[in-house]
Amino acid sequence: MMAIAVGHFHNVDPPDVRGRHCRLHSVAQLDSPLLGRDHREHGDAAAGAGHTGLSPRRRSQSSPCFTTVAPAGAEHADRSEGKVQRVEIVAGRHARGVRELIAEAAAAIASGTRLVPAQSGLGGALLLTGSRDGEHVAVIKQLDDTAAGNGGYESQAVLREVAAFLLDHDGFASVEPTALIKISRGPGMPATMASIQRFVAHEYDAGELGPSRFSVASVHRVGILDVRLLNIDRHAGNILVKNPPRSSRSASAPPPPLDLVPIDHGLCLPEQLDDPYFEWLHWPQASLPFSDDELAYVASLDPFKDAETLRAQLPSLKEPAIRILTLCTIFLKRAAAAGLCLADIGDMMTREFMAQEEGLSTLEALCRQAHDSVVLPCPPPDGDGVDEGAASSGGRKHVSFGDLSSAEWAAFLETFEQLLAAALEAKKRAALLPPPPPPTTTTSP
C-alpha cells in the first residue's frame with residue numbers, strides 16, 4: 001500500500017489506480033499515532049543533529065492523500081514492493097505550483113514508475129518519470145549527511161534548494177516549483193527527507209550556446225536572484241535554456257531570444273561571505289541598465305520579511321546563512337537604486353586577483369569594516385595578530401555574522417549602509433571613466 005500526502009489538490013486521478021483501493025483522508029486522520037510519533041522523533045533528531053527542515057510546530061493538518069496498491073511487478077527506487085510509503089510535504093506546501101507538482105509525482109509513483117539517476121551533476125539526484133508519456137516530471141535530491149556526494153546531499157544543500165524557490169517571488173527568475181518532502185517507507189524503516197523540483201524540459205544549458213542568444217530580461221532576473229543569494233556556483237551548467245515555443249515564423253526571421261531557467265541552488269546562501277561565481281558577469285546583457293519592471297521588483301523586496309519566511313518554513317536553515325540573504329538583498333536594493341547595472345553589482349561582490357594574490361571584494365571590505373566597528377576583535381592566543389584561519393588564506397579572514405547578537409547585527413547593518421553609500425558613488429564615478437590605454441612597449445635601438 002502507498003499513501004501520498006498531496007496538499008489541497010483535489011483533482012488527483014492517476015491512471016488505473018482510483019477505485020475501491022483509493023480513499024481520500026487527511027494526514028491527521030491517516031495513521032495519526034504513527035504520524036505524530038514520526039513528527040516527534042524527527043523533531044528530536046533535528047534538535048540533536050540540526051539536519052532537517054521539519055519543525056514540530058508545522059504539522060500538516062489537512063493534506064489529502066490517496067492510498068493505492070502498486071501494480072504487480074512495479075519497480076521502485078527503494079525496491080520495497082508491498083511496503084507502506086507516505087510522501088508528505090514538509091515545506092513549500094502553499095507556494096505556487098507545488099500542489100500540482102506533488103499531484104503529478106504522486107500519480108507517477110502510484111503507477112509504478114521508477115526513479116533513475118540523473119546523468120549529470122554531483123550527488124544522488126534522481127529523475128522521476130511521468131506515468132503517461134514517459135517524460136521526466138521531477139528531480140529528487142535525498143538528504144543524507146552521511147553520504148553527501150555519494151548517493152545523497154548534505155542537509156543544508158537540500159534546504160537551500162527549497163529556499164531559492166521560496167525567495168523567487170512570483171517566479172521572477174523562473175525557479176521551478178520546489179518543496180521539501182518526507183518519504184516514509186513503512187514500519188521500522190527510517191524516513192527520508194528530500195527536495196523535489198519540477199523537471200525543466202530543455203535541449204541545452206548556457207554553456208552549449210553563446211550568450212548572445214539569451215534574452216536580456218532572463219539574464220537580469222537570474223543575476224538578481226544570484227546576488228540576493230550570494231550564489232557561489234552559478235556556472236553555465238546550472239543555467240538551462242528553455243525550449244523555444246514552436247511558431248510559424250518565416251525562415252528569414254531572426255530566432256527569438258531564449259529564456260533561461262536557473263537550477264542547482266545547493267551552494268547559495270553560504271554561512272559566511274565568500275567569493276561568488278557568476279557565469280553571467282561578463283555577458284553583454286549584464287552591462288545593460290535594468291528595466292523599470294526589474295527596478296520595481298528589486299525595490300519591492302523586503303529582506304527582513306524574507307528572512308522571517310525562511311525561519312518559519314525552514315527552521316533548520318542556519319541563521320548566518322539567513323543573515324547573508326538580508327545583507328545581500330540590502331546591497332542589491334541600494335546598488336540598483338543608485339543606478340548600477342548588474343555587471344557593476346556583481347563586480348563589487350567578486351574578489352580581485354592582483355599579483356597572484358586574492359584580495360577582498362568591495363562587499364567583503366565594507367562588511368569587515370562595519371563588523372570591526374561594532375565588535376572589538378579578539379587577539380589570537382599567540383598574540384601574533386593573525387588568526388589561524390586568516391593565515392591559511394593569505395591574511396584574509398572570512399566575515400561571518402553568526403557571532404553577532406541581535407543588537408550588534410542591527411548596528412552592523414546601519415554602519416554597513418552608511419559605508420555603502422560612499423562605495424556606490426565611487427563605483428559610479430569609476431564606471432564613467434574611460435578605460436586606461438593599453439600599455440605601450442618600446443624597443444631598444
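How many bridges join strand 10 (residues 239-242) to strand 11?

Author: Happy to take you through it. This is a predicted model, in which local features need pLDDT of at least 70 and side-chain atom pairs pLDDT 80 or more, while totals for chains, interfaces and linings use all residues. Residues are numbered from 1 along each chain as its sequence is written, and side-chain values use heavy atoms, leaving out hydrogens and water.

Now to your question: strand 10 (residues 239-242) is joined to strand 11 by three bridges, and the two strands run antiparallel.

On to the helices. Helix 4 (residues 216-229) packs against helix 8 (residues 342-349) at about 25°, with the axes 11 Å apart (lines fitted to C-alpha atoms, for helices over the stretch in contact; angles run from 0 to 180 degrees between N-to-C directions). That angle makes helix 4 roughly parallel to helix 8 (under 35 degrees; over 145 is roughly antiparallel, 65 to 115 roughly perpendicular, the rest oblique). On the helix 4 side, Val219, His220, Gly223, Ile224 and Val227 meet Leu342, Ile345 and Met349 of helix 8, contact being heavy atoms within 4.5 Å. The residues of this contact divide into six nonpolar, two polar and no charged (Ala, Val, Leu, Ile, Met, Phe, Trp, Tyr, Cys and Pro are nonpolar; Asp, Glu, Lys and Arg charged; others, including Gly, polar).

Next comes helix 7, with two packing partners to look at. Helix 5 (residues 292-300) packs with helix 7 at about 140°, their axes 9 Å apart, which makes helix 5 oblique to helix 7. Leu295, Val298, Ala299 and Ser300 of helix 5 touch Leu332, Lys333 and Ala336 of helix 7. Here the contact residues are five nonpolar, one polar and one charged.

The axes of helix 6 (residues 303-313) and helix 7 come within 9 Å and cross at roughly 155°, so helix 6 is roughly antiparallel to helix 7. From helix 6, Pro303, Phe304, Asp306, Ala307, Leu310 and Arg311 take part, meeting Glu319, Ile322, Leu325, Thr326, Thr329, Ile330 and Lys333 of helix 7. This contact has seven nonpolar, two polar and four charged residues.

The side chains of glutamate 417 and arginine 334 meet in one at 2.6 Å, N to O. This pair links distant parts of the chain, 83 residues apart: glutamate 417 lies in helix 11 (residues 406-432) and arginine 334 in helix 7 (residues 319-337). The structure holds 16 salt bridges.

Definitions and conventions
Helix = DSSP H or I, 4+ residues; strand = E, 2+ residues; numbered from the N terminus. Pairing = 2+ DSSP bridges. Salt bridge = Lys/Arg side-chain N within 4 Å of Asp/Glu carboxyl O.
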